[in-house]
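This briefing concerns one protein chain, shown below. Please keep the sequence and the model at hand while reading.

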Amino acid sequence: MTIKDANKKHYFSLVDLDEVFEAFNTASKDKLNSYIWEQGKSESDVEEFQLETIDDNRKLILSSTGGFLSKLSKSKLTDKEVFLKVNYNRFQYFTYGILKYNQEDKNYFIHITKDVYKSQQRSNYRLSANVFVKIQFKINDTVYDAHDISAGGTSFSIDEVDLVKYPEGEIYTNCLLRLNVDKFEIPQAKVAKVWAVKDTEENPTGVYKVGIAFIDVPKGTEEELFKSINGEARAEEIRKKMKEKKLKS
């Protein structure tokens, strides 16, 4: 039996060609911005480009949203493989390709030939920390490198000597969450669970994992956190697919 990825089930869907044209055409007419960053880099290094048009060959024309100085030199992302994100109609569309510069027209373009994904129904997707995803959580005046993050909570590890600091059910105030460069104030956080980490032979390691649940997060903060996790999660999915293709080639 194949076990489906619950995160993917609720968070990603492949967009068919008709919807790609509809979404990017309408977004271009509305002069919406796209967000572009280099493969393997953090989304914090994003550059914004205004959508202009998309033609029948799926050539997406973009213009720089920078000031006068940006018109004098090309983007540092030119000729690199980049991720592209467009927010349209309550969804985030996400794909990747090579950013090219048209010297004559002084604009940029990407051929949308790769798979395009969009976010689906809202859910508490759990995003794991890795080399591309840095998660930190400040609680009880201490900053911890967290293991994962969702819109509902996070987790981190402590040594046995610190168990007394985090009894189950305890509530802490004025916490701070960091996901890459994005920061979120968490007014209240509850220690939902504490459990021992064991080695492969089921022996205690002296390390304990602390599961944290966020309480009464302001609506605006919750939405921004959801968007941040959403973008990082889809970047992870595309990185996995690109890695798989490279291994097959």
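Lysine 134 is partly exposed, at a relative accessible area of 36%; here partly exposed lies between buried (under 20% relative accessible area) and exposed (over 50%), with a 1.4 Å probe and protein chains only. The model is predicted: local features need pLDDT of at least 70, side-chain atom pairs count only at pLDDT 80 or more, and totals for chains, interfaces and linings use all residues. Residues are numbered from 1 along each chain as its sequence is written, and side-chain values use heavy atoms, with hydrogens and water left out.

**Overall architecture**

- The chain contains 4 helices and 17 strands, where helices (H or I, at least four residues) and strands (E, at least two) are DSSP runs numbered from the N terminus.
- Of the 249 residues in the chain, 41% are buried.
- Among contacts (heavy atoms within 4.5 Å) between residues at least 6 apart in sequence, 60% join residues at least 24 apart.

**Salt bridges**

- Side chains of opposite charge can pair when their charged atoms come close.
- The whole structure holds 9 salt bridges, each defined as a side-chain nitrogen of Lys or Arg within 4 Å of a carboxyl oxygen of Asp or Glu.
- One of them joins lysine 134 to aspartate 145, at 3.2 Å from N to O. Aspartate 145 belongs to strand β12 (residues 142-145) and lysine 134 to the loop between β10 and β11 (135-139), so the pair ties together parts 11 residues apart in sequence. Aspartate 145 is partly exposed, at 48% relative accessibility.
- Another pairs glutamate 52 with lysine 31, whose closest N and O atoms are 2.8 Å apart. Because glutamate 52 lies in strand β3 (residues 47-54) and lysine 31 in the loop between α2 and β2, this pair ties together parts that are 21 residues apart in sequence. Glutamate 52 is partly exposed at 24% relative accessibility, and lysine 31 is partly exposed at 41%.
- Arginine 126 and aspartate 148 also form a salt bridge, with 2.9 Å between the closest N and O atoms. The pair links distant parts of the chain, 22 residues apart: arginine 126 is in the loop between β9 (117-119) and β10 (127-128), and aspartate 148 is in strand β13 (residues 148-150). Arginine 126 is partly exposed at 36%, whereas aspartate 148 counts as buried at 10% relative accessibility.

**Leucine 32 and its surroundings**

- Leucine 32 sits in the loop between α2 (17-29) and β2 (33-38) and is partly exposed, with a relative accessible area of 26%.
- Beyond its neighbours within four places in sequence, leucine 32 is in contact with Ala27, Phe49, Gln50, Leu51, Asn87 and Tyr88.
- From leucine 32 to glutamate 52, the C-alpha to C-alpha distance is 8.5 Å, across 20 residues of sequence.

- Aspartate 79, a residue other than glycine, has a positive phi near 70 degrees. Aspartate 79 is placed in the loop between α3 (68-72) and β5 (81-88) and is partly exposed at 47% relative accessibility.
- Aspartate 216, likewise not a glycine, has a positive phi of about 50 degrees. The loop between β17 (204-215) and α4 (219-248) holds aspartate 216, which counts as exposed at 63% relative accessibility.
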